[in-house]
Amino acid sequence: MSRIRPLFLCFLLIPAIVQADPVEEEMKTRRGYWKIVELIDNGTVVGPDAISNHLPAGGVFEILDSTILFRSRLDNSKQAKVFAIEPTVYPKQVVISSRGKTDGWGVYKFDNDRLVLCIAGPTTAQPTDFAAREGSNRMLMVLEHTDSPPPKYTPGQPSSIHSTSYLQPLPKP
């Protein structure tokens with residue numbers, strides 16, 4: 001009986017010693033399709049009806065492991081970007097890359113079931129807050145889970161990925 005007690009205590013302590021990978025824990029419930037429902041691009045509010053025309057992916061993409069999958073609005077080709085997250089710092093950080101080069105970086109947070117993301121290009125300083133004022137060269141996005149996969153685009157759709165309708169500049173602070 002006295003030998004069993006130390007062995008039993010060992011099994012109780014093992015879960016406390018073995019900690020889960022914070023990246024894996026963060027990603028567990030974040031896989032799936034996401035849709036951008038709010039967007040501010042460099043100080044300009046992009047209305048909900050204009051989001052799909054404003055972004056190359058049409059505002060819907062899939063997160064699978066550490067990859068963002070979407071369809072190009074220009075030629076309907078499947079596209080992929082790789083991302084890395086750092087969930088143990090505040091604010092949480094993300095780096096997005098493709099073909100071995102950094103495409104953008106930023107910060108993210110989860111607000112209930114919404115993902116809030118502020119990103120900038122690689123030539124702009126990495127954001128440390130959730131703002132995209134005019135001249136910042138940042139995008140602030142709010143995303144929600146969706147059951148719908150990214151749309152397929154057909155040839156003949158407008159090739160312009162930027163729309164000027166439903167765009168409103170933010171007021172000066």
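# Close-up views of a predicted model

**View 1. A lysine charge over a phenylalanine ring.** The charged end of Lys109 sits over the ring of Phe130, 4.8 Å from the ring centre. A charge counts as over a ring if NZ of Lys or CZ of Arg is within 6 Å of the ring centre and within 35 degrees of the ring normal. This is a predicted model: local features need pLDDT of at least 70, side-chain atom pairs count only at pLDDT 80 or more, and totals for chains, interfaces and linings use all residues. Residues are numbered from 1 along each chain as its sequence is written, and side-chain values use heavy atoms, with hydrogens and water left out.

View 2. Strands β6 (residues 92–98) and β7 (residues 101–111) pair in the antiparallel sense over seven bridges. Strands are DSSP runs (E, at least two residues), numbered from the N terminus; two of them pair if DSSP finds at least two bridges between them. Val94 stands opposite Gly106 in β7. Two residues lie between the strands of this hairpin, and Arg99 takes a positive phi near 50 degrees.

**View 3. The β7–β8 hairpin.** β7 and β8 (residues 114–120) run antiparallel, joined by seven bridges. Val107 has Cys118 in β8 as its bridge partner. Here too the hairpin has two residues between the strands, with Asn112 at a positive phi near 60 degrees.

**View 4. An aromatic pair.** The count is one aromatic pair. Ring centres of Tyr108 and Phe110 are 5.8 Å apart and the planes stand at 80 degrees, so the pair is edge-to-face. Rings of Phe, Tyr and Trp (its six-membered ring) pair with centres within 6.5 Å; planes under 30 degrees apart are stacked, over 60 edge-to-face, the rest tilted. Tyr108 is buried, with a relative accessible area of 4%. Phe110 is partly exposed, at 22%. Buried means under 20%, exposed over 50%, partly exposed in between (1.4 Å probe, protein chains only).

**View 5. The second largest pocket.** Its volume is about 170 Å³. A pocket is an open set of points on a 1 Å grid over the protein atoms alone, where a 1.4 Å probe fits, with protein on both sides within 12 Å along at least five of seven lines; lining residues have an atom within 4 Å of a point. The volume is the space filled by probe spheres set on the points, which are joined across faces, edges and corners. Among the lining residues are Tyr33, Glu62, Arg71 and Lys152. β4 gives the most to this lining, with three residues.

Definitions and conventions:
Helices (H or I, at least four residues) and strands (E, at least two) are DSSP runs, numbered from the N terminus.
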